[in-house]
Amino acid sequence: MKVPKNNNMKKQQFISDYTVYDNEKEFAAAEALDAELLFQAHEAVSRSYAPYSKFHVGAAVRLANGVIVKGCNIENAAYPSGLCAERTALFAAQAQYPDVPVEALAITAQSEITEVTEPVAPCGACRQVMVEAEQRSGRPMRIICQGNTGKVFVFDGVETLMPFIFLTKFL
Ligand SMILES: [Zn+2]
C-alpha cells in the first residue's frame, strides 16, 4: 500500500557559520584582543581541578568594561557537584560585575592522557547558560574555542552553537 504524501511537511536546514584559524598565531594576527582572551583561557587551565577525568579546561570571559574573568573546571568525588570551566567563568563574572555585558568567551583544554588538538566546544548545559548570559547582555557573545594546540574556531553568537534554544520569553 502506498502511503499518501503529506504535502504539509517541509524539510528545513539549519546552517551554522563559524570562522576557522589554523593556529593561535594566525588568530592573533587577525584578532589581537580575542587572541589575548584565548591566552588567558590557556593560563586558566593550570587552575583546573580534574583528578577524575584528567581533562583540564580553562575559560576566560571578557566583559564590556575590558575586565577578564577566568574559570576552570572543578570536579568532585560526588560527580554532579563539580562544574565546567565555562560556567565557572560566567557565574564568577555575573557575581562580580552583574550589570556589565559579556563580550566574548574563550575555551581551551589540556588532557593528562592525550594531546587535545581539536577545538573544545562547550557542553549543552553550558550553552544554555551562555544563551541566557547573552540575552541579559543584549548583544551577541563571541565564542572562541581551541584545544591545547591547533585550530581556533570562532562563533559569533551563542545561537550558532545552539539552535532552537529554550527561550525565557516562554516562562
Ligand atoms: Zn559545560
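Helices (H or I, at least four residues) and strands (E, at least two) are taken as DSSP runs and numbered from the N terminus. The structure is a predicted model, in which local features need pLDDT of at least 70 and side-chain atom pairs count only at pLDDT 80 or more, whereas totals for chains, interfaces and linings use all residues. Residues are numbered from 1 along each chain as its sequence is written.

On this basis the protein has four helices and six strands, and these follow the pattern β-α-α-β-β-α-β-α-β-β along the sequence. The C-alpha atoms fill a box of roughly 65 × 40 × 40 Å, taken along the principal axes. Burial was assigned from C-beta atoms placed from the backbone: a residue is buried if 20 or more other C-beta atoms lie within 10 Å of its own, exposed if 12 or fewer, and partly exposed in between. By this criterion, 35% of the 171 residues of the protein count as buried. Two residues are in contact if their C-beta atoms, likewise placed from the backbone, lie within 7 Å. Of the contacts in the protein with a separation of 6 or more, 64% are accounted for by residues 24 or more positions apart.

Helix lengths were compared with an expected span of 1.5 Å times one less than the number of residues. Helix α2 (residues 32-44) has 13 residues and should therefore span 18 Å, in agreement with the 19 Å between its end C-alpha atoms. The buried residues of α2 are A35, L37, L38, Q40, A41 and A44.

The loop between α2 and β2 (55-63) contains K54. The phi of K54 is near 60 degrees, a positive value in a residue other than glycine. K54 is classed as exposed because 12 other C-beta atoms lie within 10 Å. P51 is also found in the loop between α2 and β2, and P51 is exposed, with 10 other C-beta atoms within 10 Å. The C-alpha atoms of P51 and Q135 are separated by 34 Å, the two residues being 84 residues apart along the chain.

Helix α3 has 12 residues and reaches 16 Å from its first C-alpha to its last, close to the 16 Å expected at 1.5 Å a residue. Within α3, the residues A85, E86, R87, T88, A89, L90 and A93 are buried. These buried residues pack against α2, β2, β3 (68-72), β4 (102-111) and α4. D99 is exposed, as 9 other C-beta atoms are found within 10 Å. Between D99 and L63, which are 36 residues apart in sequence, the C-alpha to C-alpha distance is 10.0 Å.

The packing of helix α3 (residues 85-96) with helix α4 (residues 124-137) was described with axes fitted as lines to C-alpha atoms, for helices over the stretch in contact, and with angles running from 0 to 180 degrees between N-to-C directions. The two helices pack at an angle of about 25 degrees, with their axes 9 Å apart. Angles under 35 degrees count as roughly parallel, over 145 as roughly antiparallel, 65 to 115 as roughly perpendicular and the rest as oblique; α3 and α4 are therefore roughly parallel to each other. A crossing is left-handed if the near helix is turned anticlockwise from the far one by less than a right angle, and right-handed if clockwise. The crossing of α3 and α4 is left-handed. At this contact, E86, R87 and L90 in α3 meet C126, V129, M130 and A133 in α4. The residues of the contact divide into five nonpolar, no polar and two charged, where Ala, Val, Leu, Ile, Met, Phe, Trp, Tyr, Cys and Pro count as nonpolar, Asp, Glu, Lys and Arg as charged, and the others, Gly among them, as polar.

For α4, the 14 residues should span 20 Å at 1.5 Å a residue, and the end C-alpha atoms are 20 Å apart, which agrees. The buried residues in α4 are C126, M130, V131, A133 and E134, and what covers them includes α3 and β4. S137 is found in α4 and counts as partly exposed because it has 15 C-beta neighbours inside 10 Å. Residues up to four places away in sequence aside, S137 touches P101 and V102. S137 and E103 are 34 residues apart in sequence, with 8.2 Å between their C-alpha atoms. Just after α4, G138 takes a positive phi of about 70 degrees.
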